[in-house]
Amino acid sequence: LYDRDARRPFMGGDKAWLAEPARLVTIEAVCARIEPGMIEAAAAHANGALAGGESAELPEAQRVGFLLVFMPYVVPFGTRLELLRRWLVTRRNELISQTLQAAAIAGWRNPITVRRDALLPDAFSELRGLGEGWRLPLRVRFFSAEGLEEAGIGEGIAKEFLVDVLREGFDPQFGLFAEGAEGALYPNPAAVLRRRDAASWFEFLGAVLAKTVYEGILVELPFAPFFLNLLLGRTNTVHDMPAYDAQVARSLAFLKAYDGDVEDLCLTFAVEQFTGDAVPPDQRRAVQLVPGGADVKVTAANRAEYILRLAHYRLNSQLRGACDAFLRGFSQVVPREWVGMFSPAELQLVLGGSDAPLSVADWRAHAAYSGGYHADSPVVNWFWQVIEEYDGPRRAATLKFVTSCSRPPLMGFRWLQPAFCIHKASAEEARLPTSATCMNLLKLPPYESLQALRDKLTYAIEAGAGFELS
């Protein structure tokens with residue numbers, strides 16, 4: 001019922017699924033102290049494995065653990081998100097206290113060396129097979145096309161590195177991912193034709209995406225809901241077909257409702273393995289949906305089975321290998337059970353943030369200042385006045401200019417790490433604002449008028465000028 005409501009709402013919103021208020025108070029209190037082991041034990045129990053040993057946790061913690069595995073929607077999304085963030089912070093702090101042991105992980109090289117004009121292959125070469133080393137702080141040395149090392153090294157530069165690797169790796173032109181309806185991304189079934197080591201690439205990109213979750217970095221990539229379903233261990237159905245291919249979905253709906261002689265449509269229980277136009281004719285193969293499917297005609301009696309089998313093949317079987325590899329990499333950094341307490345739509349928010357209107361008041365309330373600026377500095381007040389004047393797209397462009405992401409952090413700017421900061425830059429009036437996205441830092445010169453600040457900031461965010469890594 002919850003999945004049906006998520007596809008086509010009929011319950012009146014997410015609040016309809018929450019536990020009753022009296023129980024919810026207890027559940028949220030337990031969530032504030034529950035440890036990851038409880039949800040992992042519940043997930044193991046769901047898979048038929050023994051948790052092993054007697055738990056020292058309170059009985060209600062065990063029950064909440066089962067709720068988070070089997071019925072997470074009865075707990076508010078914000079509570080589950082804070083739970084995930086607490087576990088990630090705890091995991092990072094544990095590694096900091098065990099730096100020497102963690103640094104001894106085989107294959108770990110820090111910093112890594114990456115050429116700008118060979119970002120993706122260099123990243124793959126340096127980081128593939130890293131395993132638990134992904135949880136360590138990542139430091140990157142960038143070299144320009146001329147072979148010169150760029151200024152800046154540290155965890156901050158790693159933020160830009162991770163975002164750029166994902167942007168290039170998920171680009172359909174690279175061949176590993178394809179675009180579904182409305183540009184949503186999913187593993188390209190024909191990726192194996194482009195790259196023999198496609199599975200290793202999917203595993204690598206899964207680890208990179210998990211690393212952004214681990215570090216609290218939002219990535220603006222639209223993931224197909226049926227792809228997220230598979231990552232969450234769910235099975236797609238024909239209802240998910242519109243997100244894969246709207247035309248195929250319409251064709252199946254037409255077949256289901258067709259009142260003529262179905263055999264006149266000349267369909268059989270065999271389909272092409274790859275449907276993309278870029279697949280060469282000599283590499284096209286037919287897949288049998290049932291044994292001897294090429295000789296089994298689709299009739300009025302078996303068309304329902306045909307529809308279900310075709311949808312299952314396109315949305316599950318054909319994507320399973322790539323998704324398993326992707327999840328294998330993801331789980332090296334963030335345990336699968338930790339994200340399993342989110343629905344596909346919620347997981348998209350966790351990965352990429354919300355496109356809800358940006359709250360300037362919240363942004364300003366959690367801003368910091370340095371270099372001589374303070375909250376009441378004239379230039380600072382002018383900046384916020386300009387932001388108030390901007391429309392939604394320009395506000396988003398300003399945020400992206402400083403943080404590399406146009407979307408605000410989920411649950412507000414208090415979760416942005418490091419905090420958004422306005423730093424007093426050089427006093428040159430002609431200088432443009434610049435940013436250090438690694439530190440969420442806006443370097444704003446002390447302009448002498450509101451109009452000068454408005455003109456320079458607008459030019460900077462619209463032209464992409466003034467960006468630097470320092």
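**Salt bridges and helix packing**

At 24% relative accessibility, Arg 86 counts as partly exposed, since a residue is called buried under 20% relative accessible area and exposed over 50%. The coordinates come from a predicted model. The partner of Arg 86 is Glu 35, and the two side chains meet in a salt bridge with an N to O distance of 3.7 Å. This pair joins distant parts of the chain: Glu 35 belongs to the loop between helix H2 (21–31) and helix H3 (36–46), whereas Arg 86 sits in helix H5 (residues 77–96), 51 residues apart. Glu 35, with a relative accessibility of 35%, is likewise classed as partly exposed.

Glu 82 forms a salt bridge with Arg 414, and the closest N and O atoms are 3.4 Å apart. Here too distant parts of the chain are linked, as Glu 82 lies in helix H5 and Arg 414 in the loop between helix H19 (392–403) and strand S8 (421–424), 332 residues apart. Glu 82 has a relative accessible area of 34% and is therefore partly exposed. Arg 414, at 47% relative accessibility, also counts as partly exposed.

Glu 305 and Arg 309 form a salt bridge in which the closest N and O atoms are 2.7 Å apart. Both residues lie in helix H14, four residues apart, or about one turn of the helix. An α-helix has 3.6 residues a turn, so residues three or four places apart point the same way. Side chains of opposite charge can pair when their charged atoms come close. Glu 305 is partly exposed at a relative accessible area of 34%, and Arg 309 is partly exposed at 36%. Elsewhere, Arg 116, Glu 160, Asp 164 and Arg 167 are joined in a network of salt bridges. The structure holds 16 salt bridges.

Helix H14 (residues 303–331) also packs against helix H10 (residues 198–215), at an angle of about 45° and with the axes 6 Å apart. The crossing of the two helices is right-handed. On the H10 side, the contact is made by Ala 199, Phe 202, Glu 203, Leu 205, Gly 206, Ala 207, Leu 209, Ala 210 and Val 213; on the H14 side, by Ala 322, Ala 325, Phe 326, Arg 328, Gly 329 and Phe 330. The residues of this contact comprise eleven nonpolar, two polar and two charged.

Another helix pair is formed by H18 and helix H20 (residues 450–463), which pack at an angle of about 55° with their axes 10 Å apart. H18 is therefore oblique to H20, and H18 passes H20 in a right-handed crossing. In H18, Val 379, Trp 382, Phe 383, Gln 385, Val 386, Ile 387 and Glu 389 meet Leu 450, Leu 453, Arg 454 and Leu 457 of H20. The contact residues divide into eight nonpolar, one polar and two charged.

Helix H18 (residues 378–389) also contains Val 380. Is Val 380 buried or exposed? Its relative accessibility is 0%, so Val 380 counts as buried. Apart from neighbours within four places in sequence, Val 380 is in contact with Tyr 369, Tyr 373, His 374 and Ala 375. Of these, Tyr 369 is eleven residues from Val 380 in sequence, and their C-alpha atoms are 8.8 Å apart in space.

Burial can also be followed along a whole helix. Helix H16 (residues 344–352) is mostly covered, with seven of its nine residues buried. The buried residues are Pro 344, Glu 346, Leu 347, Gln 348, Val 350, Leu 351 and Gly 352. After H16 comes Gly 353, which has a positive phi, near 80°.

The final step is to the protein as a whole. There are 20 helices and ten strands in the protein. Buried residues make up 47% of its 470 residues. Among contacts with a separation of 6 or more, 69% are between residues 24 or more positions apart.

Note on methods
Residues numbered from 1 in each chain as written. Predicted model: local features only at pLDDT ≥ 70, side-chain atom pairs only at ≥ 80, totals over all residues. Heavy atoms only, no water. Axes fitted to C-alpha atoms, helices over the stretch in contact; angles between N-to-C directions. Left-handed = near helix turned anticlockwise from the far one by under 90°. Contact = heavy atoms within 4.5 Å. Nonpolar A, V, L, I, M, F, W, Y, C, P; charged D, E, K, R; others polar. Buried < 20%, exposed > 50% of the residue type's maximum accessible area, 1.4 Å probe, protein only. Parallel < 35°, antiparallel > 145°, perpendicular 65-115°, else oblique. Salt bridge = Lys/Arg side-chain N within 4 Å of Asp/Glu carboxyl O.
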